[in-house]
Amino acid sequence: MAKYVVTATSRTGERVNYTTGSGPSDEKAIYSDKELREFKAAAAADPRDLDVTVRPLD
């Protein structure tokens, strides 16, 4: 079961999810604290300058 939902929004206006072709924002379910840490680290290094919002699913 998912623990968090993260929303990533590109500050540069680029697409976030190239597979679905969604716009500059997309959501993803996160299932562990480790996955959340990895997602945040990847977002911090992403050239699209991602703003990440984390919503706990308690």
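This is a predicted model: local features need pLDDT of at least 70, side-chain atom pairs count only at pLDDT 80 or more; totals for chains, interfaces and linings use all residues.
Residues are numbered from 1 along each chain as its sequence is written, and side-chain values use heavy atoms, with hydrogens and water left out.

So where does Arg48 sit? You'll find Arg48 in the loop between H1 and S3; helices (H or I, at least four residues) and strands (E, at least two) are DSSP runs, numbered from the N terminus.

What does the side chain of Arg48 make a polar contact with? Its partner is the side chain of Asp46, at 2.7 Å. A polar atom of the Arg48 side chain also lies 3.0 Å from the backbone oxygen of Arg15. A polar contact here is a pair of N or O atoms within 3.5 Å; within protein, one must be able to donate a hydrogen and the other to accept it, and residues adjacent in sequence count only if both atoms are side-chain atoms. If we leave aside neighbours within four places in sequence, Arg48 is in contact (heavy atoms within 4.5 Å) with Ser10, Arg11, Thr12, Glu14, Arg15, Val16 and Tyr18.

Now to the helix. H1 covers residues 33–45, 13 residues in total, and spans 19 Å from first C-alpha to last, close to the 18 Å expected; that expectation is 1.5 Å times one less than the number of residues. Leu36, Phe39 and Ala43 are buried in H1. Viewed down the axis of H1, the buried residues fall within an arc of 65 degrees, so they line one face of the helix; the arc is that of the directions from the helix axis to the C-beta atoms. As a reminder, an α-helix has 3.6 residues a turn, so residues three or four places apart point the same way. On the other side of H1, the exposed residues are Lys34, Arg37, Ala41, Ala44 and Ala45.

And what covers that buried face? The cover includes strands S1 (4–10), S2 (25–30) and S3 (50–56). These strands make an open sheet in the order S2-S1-S3, with antiparallel pairing; two strands pair if DSSP finds at least two bridges between them. S2 and S3 are the edge strands, each pairing on one side only.

How values were computed. Buried means under 20% relative accessible area, exposed over 50%, partly exposed in between (1.4 Å probe, protein chains only).
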